[in-house]
Amino acid sequence: MKKKIHRRYLAEFVARVLMIGSFALVALILGLILWTLIQKGLPSLTWEMVSQTPKGGFYLGKEGGILNAILGSLYMAGGGTLIALIFSLPIAIYLNTYLGSSRWGNYVRLVLDILWGIPSIVYGAFGFIIMLSMGMRASLLGGTITLTLLALPIMTRAMDEVIRRMPTDLSEAALALGSTRLEIALRVTLPQMLPGILTAVLLAFGRVIGDAASVLFTAGYTDNIPTTLFRPVASLPLAVFFQLGTPFPEVQQRAYASALILTILVLILSIGSRLISSRLNKYTIK
Amino acid sequence: MAAPALFSKPEQGRPQDGRPYKLSISLRNRLNNIAARVFWLITLIPVGLVIAITVALAVRSAPILQSHSLVELFTGTVWKPFGGQFGFLPFIAGTFWVTTIGVILAVPPCLLTAFYLSEYARPITRNIMKPLLDVLAAIPSVVYGVWGMLVIVPFVQKTFMPWMSSHFGFIPLFASNQPTGFSVISGGVILAVMIIPFIIAIIYEILKTVPQDLREASLGLGATRWETITLVIFPKILPGIIAAIVLGASRALGETMAVLMVVGNVPQIPTSIFDAAYPLPALIANNYGEMMSIPLFDAALLLAAFILLLIILTFNVIATLVLQRILGRRGK
Amino acid sequence: MQPHIQVKNLNVHYGRTHVLKDINLEILPQQITVIMGPSGCGKTTLLKTLNRFIELVDGTRVTGQILLDGQDIYSNDVDVTEVRKRIGLLAQRPQPLPMSIAANVAYGMQIHRMKSNRQEVRKSVQHYLEVAGLWEEVSHRLNDPATSLSTGQQQRLCLARGLAIEPEIILGDEPTSALDPISSQHIEKRLLTLKDTYTTIIVTHTLRQAKRLADQVIFMYLGEVIEAGPADAVFNHPKVERTQQYLAGLF
């Protein structure tokens with residue numbers, strides 16, 4: 001029974017080293033990304049950056065900030081997420097209280113998963129076609145609609161997963177008491193899934209605010225803060241992209257700072273959604 | 001038992017004696033039925049959306065299919081929109097190269113990490129790793145692009161490429177034909193990093209569906225954990241792993257900004273991992289500005305989007321069906 | 001008779017719960033020892049400490065000693081796979097590995113490299129399938145997936161698979177609880193014929209099965225061994241009141 005040096009333990013050992021190695025690698029990459037961003041972005045991250053719009057000569061390295069992009073992103077992503085919520089909430093509820101794991105329910109889930117998998121550049125192209133056919137130009141409205149489409153499957157599936165983890169006994173008990181499915185949806189399911197809804201909303205918001213390829217076509221870019229729905233609007237990812245494309249080091253520095261801002265925003269959303277889902281889950285029946 | 005009957009026809013439930021509802025039963029039932037119909041209509045939106053996207057792209061890319069044959073488009077290597085020449089081969093090849101390298105680089109660490117998390121790691125390690133993967137998945141693609149330009153591209157240019165070409169330069173695959181680090185391999189590395197959290201999450205979910213009894217059956221016979229993984233668990237979940245990889249690949253196929261920023265964007269068919277390439281999404285993103293100003297250019301770009309969509313739809317439908325089957329069994 | 005296994009001052013904690021309390025036991029060779037007791041009394045836990053399966057559960061702590069032929073299996077320099085090779089386990093539900101019938105039986109032999117060529121492996125596969133009483137039913141379809149067998153057949157396959165690694169000890173964790181009466185009878189019959197060759201330890205919650213199989217009986221309650229000894233003595237003249245109550249069907 002004594003341990004021996006043996007090919008089996010060698011294989012086990014090597015495998016374990018490789019596994020811990022790749023685990024460490026993944027963690028290391030994340031660390032490296034964050035560190036690079038902080039190191040490059042922090043020096044030019046000033047109050048001016050986040051509180052002002054670009055002044056004349058901004059893209060040559062002169063004064064100004066990216067408030068236009070920050071607000072533009074918040075408007076579009078916020079609007080898109082809210083509109084998506086109007087549709088995804090009923091779909092998620094319907095999937096779970098009416099359809100369950102029925103055939104049609106699984107078809108809808110399949111379609112949502114497929115929508116989730118469609119790349120944002122295709123959403124962008126689609127949004128662009130729709131806008132062309134309606135005679136619209138790149139605008140806040142166009143960007144918001146495209147981001148709505150992008151957010152819809154993410155949010156719906158995230159909610160669906162949360163609700164599905166809920167116990168079915170609860171709704172069965174309610175059914176047995178003579179409630180209709182609508183009443184169950186509104187009185188039992190909805191309150192139960194509040195944390196899930198919040199998590200899903202934050203998740204979707206975090207995803208769409210960082211998306212560049214879809215707003216490239218549909219929202220355009222401007223140095224002004226948007227005042228109407230029909231004007232072009234700037235966004236953070238594109239601010240990063242365009243500033244990086246200039247040949248001036250000062251502007252590129254600001255691109256790094258903009259990337260840092262975007263990342264911080266997204267990280268707050270991601271961590272926030274996780275905290276909510278783990279904290280509020282305690283207060284609902286599991 | 002009365003419960004199943006109630007369950008299948010909830011509309012007939014009655015209030016208990018002495019506890020009147022505020023609304024009459026028939027009204028409640030009518031509300032319920034109306035709601036069911038409205039809900040059903042809203043559920044059609046996702047289905048309609050998929051169809052709408054497909055049809056819109058097909059219709060808008062039709063003009064170029066009418067004036068150019070498919071063979072000409074897919075095997076042509078010359079891309080001169082002004083001259084009416086639209087050869088997609090370099091872009092398709094670019095997409096293929098970048099995606100393939102990304103997947104090849106991503107799969108081993110994904111498998112190893114997922115196995116480690118599920119089979120070896122303590123709960124505390126898992127609890128640390130999950131938010132970490134969340135964060136990695138949440139980082140916007142343009143930020144990955146910035147990171148790639150700052151770290152990966154210089155690394156490839158100054159360290160990796162010289163080393164590879166001095167040791168393995170005789171292999172065409174590793175020849176350095178250009179001086180910059182903007183290359184297929186840079187794009188592949190970025191893609192790998194981006195799809196790693198995605199693939200790990202799916203494989204981890206699949207591993208959770210493997211019954212503990214199965215592990216014990218193997219361990220009980222005196223197998224080591226690694227033997228259990230390779231001989232029992234891996235064959236058992238192989239379809240799921242393939243589905244996860246296909247989903248990861250389709251993510252990589254459509255990834256635009258991050259790749260665009262590091263891959264060089266030269267319309268050529270790469271022969272070495274250090275060559276620049278021009279994948280389809282980058283083509284669309286880089287040229288949207290001029291697409292309305294040249295005849296057929298818009299149709300050509302939307303055809304690129306259409307091709308991308310068709311490939312990704314195929315991948316996704318197959319992989320998702322496989323995964324639904326595997327993960328759907330959980331908890332039943 | 002020299003005991004095959006000695007359990008000394010065994011304590012198992014799961015988190016803050018004290019699951020097994022000061023267990024001291026001796027298991028005799030070539031006999032069937034039956035562990036019985038009401039559910040939740042720790043009998044399965046006790047069984048799982050014997051082949052170190054308890055370590056697979058996060059948050060468990062084991063103190064004390066389990067000596068197999070005088071060697072502590074929890075000692076640091078002991079190879080856990082070797083322990084599990086010497087102590088086979090028949091689980092509650094049959095769990096065929098995702099491979100063919102023949103490959104299931106050959107699995108253990110292959111990971112331990114017990115046979116030098118395919119011919120020998122094939123011979124052993126047949127031998128152990130015969131010992132488990134399954135050969136006649138599966139000889140014509142050895143390459144079918146093991147999952148195509150009925151539950152009862154699967155359990156006999158698991159028995160064959162366990163015997164193929166040539167253990168000295170067979171652990172059975174309620175091995176018939178998932179089976180129909182006829183399949184259960186099959187397994188019980190096998191266990192009785194095998195007891196001359198192996199030391200057998202069976203956990204059961206049915207008193208009748210305990211009476212049919214046992215040479216030695218261990219009665220457990222709330223994580224403690226209440227009474228242990230030869231089957232005759234425990235069944236007919238239980239010394240402790242708890243045991244009397246249990247045998248009378250009071251709980």
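1. The model is predicted. On the side of domain 1 that touches domain 2 of chain A, four residues are nonpolar, two are polar and one is charged.

2. Where do the domain bounds fall? The assignment for chain A places domain 1 at 7-44 and domain 2 at 51-283. Taken over C-alpha atoms, the centres of the two domains are 30 Å apart. Contact involves seven residues of domain 1 of chain A and eight residues of domain 2 of chain A.

3. The two domains of chain A bury about 610 Å² between them. Carbon and sulfur atoms account for 77% of that area. Three residues stand out on the domain 1 side: Leu37(A), Lys40(A) and Ser44(A). Together they supply 64% of the area that domain 1 of chain A buries against domain 2, more than any other three residues.

4. Next, the contact between chain C and chain B. Here 19 residues of chain C meet 19 residues of chain B. The two chains bury about 1700 Å² between them, with 65% of it on carbon and sulfur atoms.

5. Which residues form the salt bridge between chain C and chain B? The rule finds one across this interface. Glu216(B) pairs with Lys48(C), and their closest N and O atoms are 3.8 Å apart. Polar contacts between chain C and chain B come to two residue pairs, both residues at pLDDT 80 or more.

6. Of the elements of chain C, α2(C) gives the most, with three residues. The chain C residues on this side divide into ten nonpolar, four polar and five charged.

7. Over all chains, the salt bridge count is 18. One of them joins Asp134(B) to Arg274(A), with the closest N and O atoms 2.8 Å apart. This pair crosses between chains: Asp134(B) sits in helix α5 (residues 123-138) of chain B, and Arg274(A) in helix α12 (residues 249-280) of chain A. Asp134(B) has 31% relative accessibility, so it counts as partly exposed. Arg274(A), at 30%, is also partly exposed.

8. Within chain B, Asp298(B) forms a salt bridge with Arg60(B), at 3.2 Å between the closest N and O atoms. The pair links distant parts of the chain, 238 residues apart. Asp298(B) lies in helix α12 (residues 297-328) of chain B, and Arg60(B) in helix α2 (residues 25-67) of chain B. Are the two partners buried or partly exposed? Asp298(B) is buried because its relative accessible area is 15%, under the 20% cut-off. Arg60(B) is at 25%, so it counts as partly exposed.

9. In chain C, the side chains of Asp215(C) and Lys195(C) meet in a salt bridge of 3.1 Å, N to O. Both partners are in loops. Asp215(C) is in the loop between α8 (207-213) and β9 (216-221) of chain C. Lys195(C) is in the loop between α7 (181-194) and β8 (199-204) of chain C, 20 residues away. Asp215(C) is partly exposed, with a relative accessible area of 22%.

10. Chain A also holds a salt bridge network. Shared partners join Arg109(A), Asp113(A), Arg157(A), Asp160(A) and Glu161(A) into one network.

Note on methods
Residues are numbered from 1 along each chain as its sequence is written. Chains are lettered from A and ligands numbered from 1 in the order in which they are written. This is a predicted model: local features need pLDDT of at least 70, side-chain atom pairs count only at pLDDT 80 or more; totals for chains, interfaces and linings use all residues. Side-chain values use heavy atoms; hydrogens and water are left out. Domain bounds come from an automatic or database domain assignment. Contact means heavy atoms within 4.5 Å. Buried area is the accessible area (1.4 Å probe) that two parts lose on being put together, summed over both. Ala, Val, Leu, Ile, Met, Phe, Trp, Tyr, Cys and Pro count as nonpolar, Asp, Glu, Lys and Arg as charged, and the others, Gly among them, as polar. A salt bridge is a side-chain nitrogen of Lys or Arg within 4 Å of a carboxyl oxygen of Asp or Glu. A polar contact is a pair of N or O atoms within 3.5 Å; within protein, one must be able to donate a hydrogen and the other to accept it, and residues adjacent in sequence count only if both atoms are side-chain atoms. Helices (H or I, at least four residues) and strands (E, at least two) are DSSP runs, numbered from the N terminus. Buried means under 20% relative accessible area, exposed over 50%, partly exposed in between (1.4 Å probe, protein chains only).
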